[in-house]
Amino acid sequence: MRISSVCLQRLKDTLIGLFAVMLLLVPCAAEGGGLTVEPGGLLLQNVPLSTVYDLYKETGIAIKILNGLDRQVTYRITARKPSHRGSEKWMEGYQEIPDSSYLFFDRNNVVIEPQGAEEFKLFLKIPDDPRYYNQHWAVTVAVEGQPSPGEVFALAAYLPFEIETESRNSVGEKPWGKLGIEPSSLTLNTAGKEKIRIYNNEGKKQKYQLGIGIPGKTISMRQIGLTRGYRDIPDVKWIGISHDELAVKQDGVREVSLTARLPDKPAEAGPWETFLWIESDSGEKAFVRIDIEQ
Amino acid sequence: MNRGKMKKTISVICLWAIGFILSWVAGNAYAASSGNVTVTVTIQNVSVSLSATGWDIGTIDAGQTVQMSETTDITVTNNGNVSESFTLMLTNPTNWTAGSAAGSDVYVMKGLFVGASDAPAPPDFGTDDVITTSSQTASATIWGAFSTTGNNVPALSSADLWLQFTAPTSTNVITEQSIVITVGATVP
């Protein structure tokens with residue numbers, strides 16, 4: 001009997017269908033365990049351009065991985081744009097870092113013994129591009145366990161880092177990003193007045209809503225952190241703002257004035273910090289840190 | 001050189017010198033500020049653990065769907081000090097690829113994060129619950145069908161991960177296949 005090649009293929013498929021498919025995800029259920037990474041998040045402010053910043057050398061902070069599993073695990077360490085893989089979300093008011101390679105490590109693979117711990121060091125170098133002053137960036141540090149042969153589950157931790165570059169006035173170039181601000185941080189004295197510039201880099205005319213403080217409607221769970229040593233301003237009305245709303249033409253720039261109106265004898269002691277919150281019609285968000293000193 | 005011209009030359013030199021000094025001072029001020037990075041630890045730690053690291057499916061037919069049970073589900077715990085959201089992604093074995101519908105050498109892996117007493121039925125696993133090779137974060141709808149999800153899990157709390165697997169409808173591979181599922185933690 002002759003069987004055509006098509007018939008032979010069909011027969012083969014049927015036989016394969018009748019055969020049991022051997023899927024053995026793991027020979028036996030293994031004991032569980034965990035992964036811990038500390039610190040789990042960092043805010044770096046006033047980061048200079050063009051110089052290598054060595055976090056461990058400057059602060060003594062290294063990133064520690066604790067392998068709570070009963071087997072040796074190799075962990076891969078990478079810096080990523082938050083949208084790439086991991087969190088997909090990042091803190092509102094920050095933009096994704098333009099290039100995650102600005103953040104790098106002393107090693108990209110760490111082998112950790114069962115129930116052991118290891119550290120890795122973090123470095124940062126922002127290119128010498130004036131557009132990178134006044135930036136608020138989000139980046140994710142991914143620590144991913146590599147499974148050994150035959151294992152089913154691997155563990156990973158995705159750490160949210162915020163990087164704020166040096167604040168500068170009159171840089172002479174438009175800041176990078178769809179919504180640019182200049183400066184990104186300023187200090188107001190008791191009755192001081194300062195100006196900030198808002199750059200519309202979105203490719204079309206935009207209307208911006210402005211306010212003091214972080215609006216309650218911000219959807220991210222984590223809120224922008226205060227600079228170390230500063231307290232949240234007791235009353236946002238202490239800061240006057242020249243515009244609540246502002247239209248900026250395509251590729252245009254507009255100025256906004258901020259004025260401090262502190263009471264004669266504040267009940268609480270400073271120094272205080274708050275934020276100028278800026279939001280475009282298209283949903284772009286940015287903020288300026290406002291530090292108040294008596 | 002007459003006296004007027006000489007006066008003008010000295011003025012120009014003075015202005016140049018003042019400019020140079022000012023720019024030198026400004027440059028040094030910048031250098032001083034560049035060493036003034038402020039670092040704040042915003043999250044003490046991110047931590048995640050699993051109650052077990054395996055799921056023994058055993059031998060199943062081509063195209064067959066199997067899922068975890070109360071005895072085989074995996075408890076995923078947030079051992080950190082802040083709320084976390086869990087992430088899932090998978091790594092394909094050598095001969096099969098993951099898809100949203102089973103096919104020749106194509107399998108489907110779905111996941112659900114549920115409460116300790118929840119027991120999802122097969123229809124509870126929807127199209128939003130397909131695990132792919134790209135990491136995604138749990139939400140109310142992604143890997144979520146019950147009141148407890150893998151999204152915004154409080155510190156020291158947990159969710160149970162149930163997996164559902166559909167084998168390829170046909171395959172020439174009848175040897176053991178290992179699919180790696182990466183369970184991650186991120187801070188919402």
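Which domains does the domain assignment of chain A give? I found domain 1 (35–165) and domain 2 (179–292); such bounds come from an automatic or database domain assignment.

**Ground rules**

I noted that this is a predicted model, in which local features need pLDDT of at least 70, side-chain atom pairs count only at pLDDT 80 or more, and totals for chains, interfaces and linings use all residues. Residues are numbered from 1 along each chain as its sequence is written, while chains are lettered from A and ligands numbered from 1 in the order in which they are written.

**Confidence**

For chain B the average pLDDT is 83, and 81% of the residues score at least 70; pLDDT is the predictor's confidence in each residue, from 0 to 100. I marked residues 12–34 of chain B, where pLDDT stays under 50 and the model has four contacts beyond four places in sequence. Where pLDDT is low, the predicted coordinates should not be read in detail.

**The two domains of chain A**

I took the centres of domain 1 and domain 2 of chain A over C-alpha atoms and got a separation of 29 Å. Nine residues of domain 1 of chain A are in contact with 14 residues of domain 2 of chain A (contact: C-beta atoms, placed from the backbone, lie within 7 Å). The side of domain 1 that touches domain 2 in chain A has two nonpolar, four polar and three charged residues. For these classes, Ala, Val, Leu, Ile, Met, Phe, Trp, Tyr, Cys and Pro count as nonpolar, Asp, Glu, Lys and Arg as charged, and the others, Gly among them, as polar.

**A residue in S8**

I stopped at A:Phe105, which lies in strand S8 (residues 103–105) of chain A. Is A:Phe105 buried, exposed or partly exposed? A:Phe105 counts as partly exposed, because I find 17 C-beta neighbours inside 10 Å. The scale is: buried with 20 or more other C-beta atoms within 10 Å, exposed with 12 or fewer, partly exposed in between, with C-beta atoms placed from the backbone. Leaving aside neighbours within four places in sequence, A:Phe105 is in contact with A:Ile77, A:Phe120, A:Lys121 and A:Leu122. A:Leu124 is 19 residues away along the chain, with 8.6 Å between its C-alpha atom and that of A:Phe105.

**A four-stranded sheet**

Next I traced an open sheet of four strands in chain A, with the order S14-S16-S21-S19 and antiparallel pairing. Strands S14 (179–182) and S19 (239–241) of chain A each have a single partner strand, so one side of each is left without a neighbour in the sheet. Neighbouring strands of this sheet are turned by 25 degrees against each other on average, direction ignored. Axes here are lines fitted to C-alpha atoms, for helices over the stretch in contact, and angles run from 0 to 180 degrees between N-to-C directions.

Inside this sheet, I followed S16 (residues 193–200) and S21 (residues 253–260) of chain A, which pair in the antiparallel sense over seven bridges. There A:Ile198 stands opposite A:Arg254 in S21(A). Strands pair if DSSP finds at least two bridges between them; helices (H or I, at least four residues) and strands (E, at least two) are DSSP runs, numbered from the N terminus.

**Around S17**

I then checked S17 (residues 206–212) of chain A, joined to S20(A) by four antiparallel bridges. A:Gln209 stands opposite A:Glu245 in S20(A). Five bridges join S17(A) to S22 (residues 272–280) of chain A, again antiparallel, and A:Gly211 has A:Trp277 as its bridge partner in S22(A).

Most residues other than glycine have a negative phi, and most peptide bonds are trans. I logged a cis peptide bond between A:Glu38 and A:Pro39, with omega about -5 degrees; A:Pro39 is in the loop between S2 (31–38) and S3 (41–47) of chain A. Another cis bond joins A:Glu182 and A:Pro183, with omega about -5 degrees.

A:Ser170 has a positive phi of about 50 degrees and counts as exposed, with 7 C-beta neighbours inside 10 Å.

**Where the chains meet**

Finally, I found 57 residues of chain B in contact with 63 residues of chain A. The chain B side divides into 22 nonpolar, 32 polar and three charged residues. S3(A) and S1(B) pair in the antiparallel sense over five bridges, and B:Thr38 in S1(B) is the bridge partner of A:Gln45.

How values were computed
Contact = placed C-beta atoms within 7 Å.
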